[in-house]
Structures are given as C-alpha cells and as structure tokens.
Amino acid sequence: MGPIRALRSLGNSFGLAWWARVETIQPEVTYWFGPFLTRRSLKVRLNEFVEDLSAESPQKINHSLIRCRRNEPLTS
C-alpha cells in the first residue's frame, strides 16, 4: 500500500475522510466515491466519476460531499 493510500485509509478509519454520495434515479442506486484526504481533491475527481455514471443514462444524478467513515458496500 502506497503512502497516500495509507493516509486515506487512516483518515477514513477516524471518520476524517471526504466521500461523495452519488444517487441516481432510474436506476435507483447510491454510490460512494472516496475516500479523499481533502474536499478539494474529491471535487476535482468527482466530475470524472459523474461523467462515467452519465454514460449509463440515468434520469437524474444528485451528489453530496460528506466527511465520514465508510465501509463496504460502497454501492447500494
């Protein structure tokens, strides 16, 4: 495990990591994208993730940025 990945994992274990909760409608799915060390780094990468989801043609995509601890499953 690289040093950045280890820091992300540590931040996540303490509930300090940044995650994006991305919800789609039609299909109705919630995705979790993260962990990230900073809100800024999450925002930079989030557009790429949302673009990938857009290729699946959901009717609507909503997202929120949350600082928390997440475990599997990351999709529900």
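Predicted model: local features only at pLDDT ≥ 70, side-chain atom pairs only at ≥ 80, totals over all residues.

Biologist: Where do Glu48 and Arg45 lie?

Modeller: Helices (H or I, at least four residues) and strands (E, at least two) are DSSP runs, numbered from the N terminus. Both residues belong to helix H2, residues 39–54, and are three residues apart, about one turn of the helix. Buried means under 20% relative accessible area, exposed over 50%, and partly exposed in between (1.4 Å probe, protein chains only). Glu48, at 45%, is partly exposed, and Arg45, at 37%, is partly exposed.

Biologist: How many salt bridges does a search of the whole structure find?

Modeller: The search finds two. Arg21 and Glu23 form a salt bridge, with the closest N and O atoms 3.1 Å apart. Arg21 has a relative accessible area of 32% and is partly exposed; Glu23, at 30%, is partly exposed.

Biologist: How should I read a nonpolar core, and which residues have the most contacts inside the largest one?

Modeller: In soluble globular proteins, nonpolar side chains tend to be buried together. A nonpolar core is a set of buried Ala, Val, Leu, Ile, Met, Phe, Trp, Tyr and Cys residues joined through side-chain atoms within 4.5 Å. The largest core in this model has 13 residues, and those with the most contacts inside it are Ala20, Val22, Tyr31, Phe33, Leu42, Leu46 and Phe49. Strand E1 (17–25), strand E2 (29–36) and H2 each supply at least two residues of this core, and H2 gives the most, with five.

Biologist: Which residues does Phe33 touch, not counting residues up to four places away in sequence?

Modeller: Contact means heavy atoms within 4.5 Å. With those sequence neighbours left out, Phe33 touches Trp18, Trp19, Ala20, Leu42, Arg45, Leu46 and Phe49.

Biologist: Is Thr24 buried or exposed?

Modeller: Thr24 lies in strand E1 and is buried, with a relative accessible area of 5%. A polar atom of the Thr24 side chain lies 2.7 Å from the backbone oxygen of Pro27.

Biologist: Which residues are joined by a cis peptide bond with omega of about 10 degrees?

Modeller: That cis bond joins Gln26 and Pro27. Pro27 is found in the loop between E1 and E2. The peptide bond from Gly34 to Pro35 is also cis, with omega near 0 degrees, and Pro35 is placed in strand E2.

Biologist: What is the phi of Gln26?

Modeller: Gln26 has a positive phi of about 60 degrees, although it is not a glycine. Gln26 is exposed, with a relative accessible area of 51%. Ser57 likewise has a positive phi of about 60 degrees and is not a glycine; Ser57 is located in the loop between H2 and strand E3 (60–68), and at 58% relative accessibility counts as exposed.

Terms used:
Residues numbered from 1 in each chain as written. Heavy atoms only, no water. Salt bridge = Lys/Arg side-chain N within 4 Å of Asp/Glu carboxyl O. Polar contact = N/O pair within 3.5 Å; in protein donor to acceptor, adjacent residues only side chain to side chain.
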